[in-house]
Every structure is written in structure tokens, then in C-alpha cells.
Amino acid sequence: MVLLNLRDIQLAFGGPPLLDGVNLQVRRGERICLLGRNGAGKSTLLGLVAGELVADGGTVERRQGLKVSCLPQQMPPEMGGTVLEVVLAGLGPAGERITRAQQLSRLAETTGNDAVLAELLELQQQIEEAGGWQPMQVVEQVLTRLKLEAEAVVDSLSGGVMRRVLLARALVGEPDVLLLDEPTNHLDIESIQWLEDYLLRSHLTLLFVTHDRAFLRALATRIVELERGSLFDFACDYETFLLRREEQQQAEEKAWARFDRKLAEEEVWIRQGIKARRTRNEGRVRALQQMREEHRQRRTRAGTARLQLEEARRSGRVVIEAEGLGFGFGEQTVIRDFSTTVLRGDRVGIIGPNGAGKTTLLKLLLGRLTPREGRVKLGTRLEIVYFDQFREQLDPALTVQQNLSGDQDTVIVGDRQRHVYGYLQDFLFTPDRARSPVRILSGGERNRLLLAKLFTRPANLLVLDEPTNDLDLETLDLLEERLADYQGTLFLVSHDREFINRVVTSSLVFEGDGRVAGYVGGYDDWLSQRPVAPADSPTSRDNSSAEDRSRPSRERPRKLTFKERQEIEGLPRRIDGLEAEIATLHQQLADPDLYRHRGQQVAGMQQRLAAVEEELERTFARWEELDGLETL
């Protein structure tokens, strides 16, 4: 069933069109990932779908009564009050009435004012006439599901909890389509995994923008790329998308090369001598004029950023030695009895939930904070470059150029002098954008500017605190490559699981109660090495797997009954059948013809896939249970 249909959408803001004849259909049950470079217009497209923007041309067709909710990329500036008040705002006028009624009720209890009581009674009557207090039950269910405290003040919440509040606000309206703009930004890994699981189980129709490749792989049933004002639709997984896009780009480059050769030949012909011009074919002249116009209007792909790390002279072999470190704020212990040795060339990832103390640990290791207990010894010949997660090294009132080089036209990169505009073009800033104030830049552009600023300085110890937020996938891939080739020492704080896996050689992980443990490898390596966390540990996940929940208690060992022996003998055949059905469903859902000709079947097939996967999980758990009894 088609819920949304965008036809020939046109939209521009003074420059080349952000959306140039865009067409897009959204069907019930689809989870569509919208990809594109920073500034390509992804958030603009979401704004059109949400009804917050109006297109210059084309039509947006919505199914009658369609509800659309949006989780924005940035926290709205007007946000305030309690969690409950923010979430109730997702109900629209009904939420406003309920919020006002609650405020009046509290005021009536404390003052007993007759005017307040009269207004409260009138408002309660309006609520009853509009359908009663049923929406409040939905709000309470969502708050419980998201583990949010209704009376908590939003100004006191961390970025990760605030994202949950915004998600709750989007969900309480029970939307038909949920729009998510960079939903994993500022969420820790545990929260990202929780969000993945929740969205997979909810069977909501999603249109989302993300730079998190693990999140993309887990959720997307369809990928749509926005480039040069056009949408390119791929009904496949992410790996297949990368291959198909590469093939598409190669085909386009070959077609342009043939076109350019033909145009050059025609330009030579038109410039022939007087005699030839008298007898030339006027149709051929008109065709040449059309080719010129087509070439003039050609929109080439945005270039790839050219990141180059300036490496300083080698540091000493031992970069940092820490022994028995302890630190806290007041009575709260953040780090307890931590020791480590970092050698030249190590690439160390720091993993932990929001608020655990990752940035604090970095500052302790760099000597920027004094520990309560223990000692830190820095190595020799260290030249440190620090990327801070809040981008405090950028002045939003100054232009891009001024942040990089002040009032100078050149910038020193390593030991070389370069024109500031040429250097900024390496980071995809046009001269016009270089003259723009930083305050109007997108999050991805600010990240690229900070990288540009830091990479002018040579370093043998590179410290990156959340560098991946808002970066597009191409820049993210390039940054990974440069870090992999970097010969100096690296500290990396990130919640991007794939980025950590590809870049670091060891990890320091916050495991609760101020304990920080070291592991070889990245995030996946830590998962395979870590000890099993107790149920009440901060590192244990709120939503443990179905396998963990279904694992039986073995306090009273016993042998298999005859019926259980028959059951265990039939389980392998049952598992084979379920896995075969899952493979078939995956193959059918990856077929573009399904969405073009039998779109009404997609939702049912996706529901069946989810049901079969759950049954397979239960079957494996049952097999493990019976197999454990059999071996007693």
C-alpha cells in the first residue's frame, strides 16, 4: 500500500536545485534509508515529507488521514519543561489541552482558586468531548517502553536521553510514517542497539537518514541516494548498493566521455572555413547548440575530500604510562584504579556509555586533569592534536576562512604554504562557502572544518573525540583510510561500531563502577572477549536477547523424557525448514519487481519474516535447553 507519493518535486534555495524532478513512493512496512553527501538536501526532503516545507513545483500525495512524525537531527531550541510535557506535545492540540489541565490541577491543589477550578472544569469537558484521556494511556506506555521519567526536567538530561525523549514525542502520535534524521547522533552504543531492536520489532514504516553503517545494515530494506538533485533508488542491501552505485558511476563517466568526444568533433566542424559554413547542415548546427546547452547544464558529482595527516617527528617509544589512576567529581567515582601503557603506533579506542567518563579519561591521560590517586607519565617529543566533540575550537561568529587562517590568504600546512581557498577545497568548501559564517554550517561541514584546521598541524599523537558525527559516508571512509595509514599514536572515542572495528588495534572499555578494562582489537573483539555482565550491571543491555531470556534454569538437573527425545530429534529438520523459508523471504524482498508490481504484499511478507525469525530463535533456544539436559 502506497502511503506517500512525491511527483516531480522541484526545490531550490538560490543556487542549483536541491531537488530537481524528484519522484519517490513510500509503501507501508518499508524501511528506507536516504543517503547523500552533506548539504545534498536529505533533511530538506524529510522536511517536505513532514509538511514543514513547501516545494517550488510538483506534488506530495499523502494517503488520507496519514500521520507523519519526525525525529529531528538537532534538538529544537524551544525545548523545555518536563519529559511528560515534551512528549505530550507530540499529540498536537490534544496534548496541549492535557498539559494545561495538569498544570491547572496542580495549581488548584495549592491555591484553591475558584477561577482556576472553573478553567480546569471547562478544559476537562473539552478533553472529554475530544475523545477523553485515551491518548494519555498511549503516552504512559511509550514512556515505560523507553524507560523515561515523566517528571524529569529536560534541561538536566544527557544528549542520549534527550534523543529518547524526542523519539517518544514522535511515537505517541502513533504515526503511519516515522522520519528519523541522524537518529544515532549523540547516542552511545547501548542506546543505538536498543533503538535498532525497537524499530525492528515495531514494524513501523521508516524514512531515515544515517551515517552509521551498522545501523543502516540492520534496518534498511531499501536504499535511496540523493545526488545532484536526483534520487537513485536501490532495492537491495548496503553492500549490493555500493557495487551497483560504482557500476552506475562508471557507466555515467563512459557516457560523458563519449558525449564530450562527439561535442569536440562538432566544434571542430563548426569552425571550418567559409566555404564549408555556406553548405553546412542547419539541423546539425541546431543539434550542436543543444549539445552545448546540455553540457553547460551538466551537474557533476561532488568531489571527494582530500584528507592528509601531517605527521610530526617520531615520539619516544613509550607515549603514556598510567598507574593506579583514580578520579571523581565530589562523591561520584568516575575512574577507579586504572593502569595502562601506550606505545608509539598504538591505536586505542575508548568505549563506554554516555556520561561514563570517556572524555575525562582522555584528559587524565594527556595531563589536562590531575588524578585523585595514581600518576601519569607522558613520553618524550609528543606533538598532540586534539579533536573535541563539541567543536569548541571553532568560533561560530567568524567565517570558515577566518577560523582557519585569520585574516591571512594563506595557511601553513606542515612546512608548506598554501592558499586558504585551495586548501579548503580539499575539504569540499567552495570559495563562497569559505566566506560563510560557521554558525550556518551543517554539522558535517563543521566537522570537516575542524579536521581541516587540525590537519594543518603536524602530530605524532592524534586524539579524536567523536569525530564521526554528521560526516557523510564517503568522508567517513576516507578518514578511516587515512587513520589506518597513520604512523603515529591514536586515541579514538566513538559510538560508531564499524569505525572502531576498522581503525583501532586495542580498546579501553568502561565496565561500570569506575572500572576501565583493556582488550585487544575493536568493538566486536571486545564483545567476544568480555566477561558476562551481571543482570544489574550498567554494561548489561536493557533488552537482552531472546536466547538469553529463554535459557532455562539448571538448578535441578534431570534426564530427557521419551517425548523430549522425540522432540530433539525433530528440531534439526524444523530449523532447516525455518532457515530455508527465511532465505526465500529475504530473496523475495530484495527483488525490485516485488515493489513495482506487488507492493501490497510487502508488509505481509515482512511480518511473516519477523515471525519466522522469532520462531527460529525460540527453536534454537529449545534445542539448547534439551541438548543441555541430554548431556547431564
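Student: What makes Arg317 count as exposed?

Tutor: Exposed means over 50% relative accessible area, buried under 20%, and partly exposed in between, with a 1.4 Å probe and protein chains only. Arg317 has 55% relative accessibility, so Arg317 counts as exposed. Keep in mind that this is a predicted model, where local features need pLDDT of at least 70, side-chain atom pairs count only at pLDDT 80 or more, and totals for chains, interfaces and linings use all residues. Residues are numbered from 1 along each chain as its sequence is written, and side-chain values use heavy atoms, with hydrogens and water left out.

Student: Where does Arg317 lie?

Tutor: Arg317 is in the loop between α11 (282-296) and β10 (318-329). Helices (H or I, at least four residues) and strands (E, at least two) are DSSP runs, numbered from the N terminus.

Student: And His295, why is that one called partly exposed?

Tutor: The relative accessible area of His295 is 35%, so His295 is partly exposed. You will find His295 in helix α11.

Student: How many aromatic pairs does a search of the whole structure find?

Tutor: The search gives 7 aromatic pairs. One of them is formed by Tyr238 and Phe241, with 6.0 Å centre to centre and 25° between the planes.

Student: What makes the pair of Tyr238 and Phe241 stacked?

Tutor: Rings of Phe, Tyr and Trp (its six-membered ring) pair if their centres lie within 6.5 Å; planes under 30 degrees apart count as stacked, over 60 as edge-to-face and the rest as tilted. With 6.0 Å and 25°, Tyr238 and Phe241 form a stacked pair. Both lie in helix α9 (residues 238-270), 3 residues apart, about one turn of the helix. Phe234, Tyr238 and Phe241 form one aromatic cluster.

Student: How do you know whether Tyr238 and Phe241 are buried or exposed?

Tutor: Tyr238 has a relative accessible area of 5%, so Tyr238 is buried. Phe241 is at 1% relative accessibility and therefore counts as buried.

Student: Why is the pair of Tyr523 and Trp526 called tilted?

Tutor: Tyr523 and Trp526 are 5.7 Å apart, centre to centre, with 55° between the planes, and that makes the pair tilted. They are separated by about one helical turn because they are 3 residues apart in helix α19 (residues 523-529). Tyr523, with a relative accessible area of 3%, is buried, and Trp526, with 8%, is buried.
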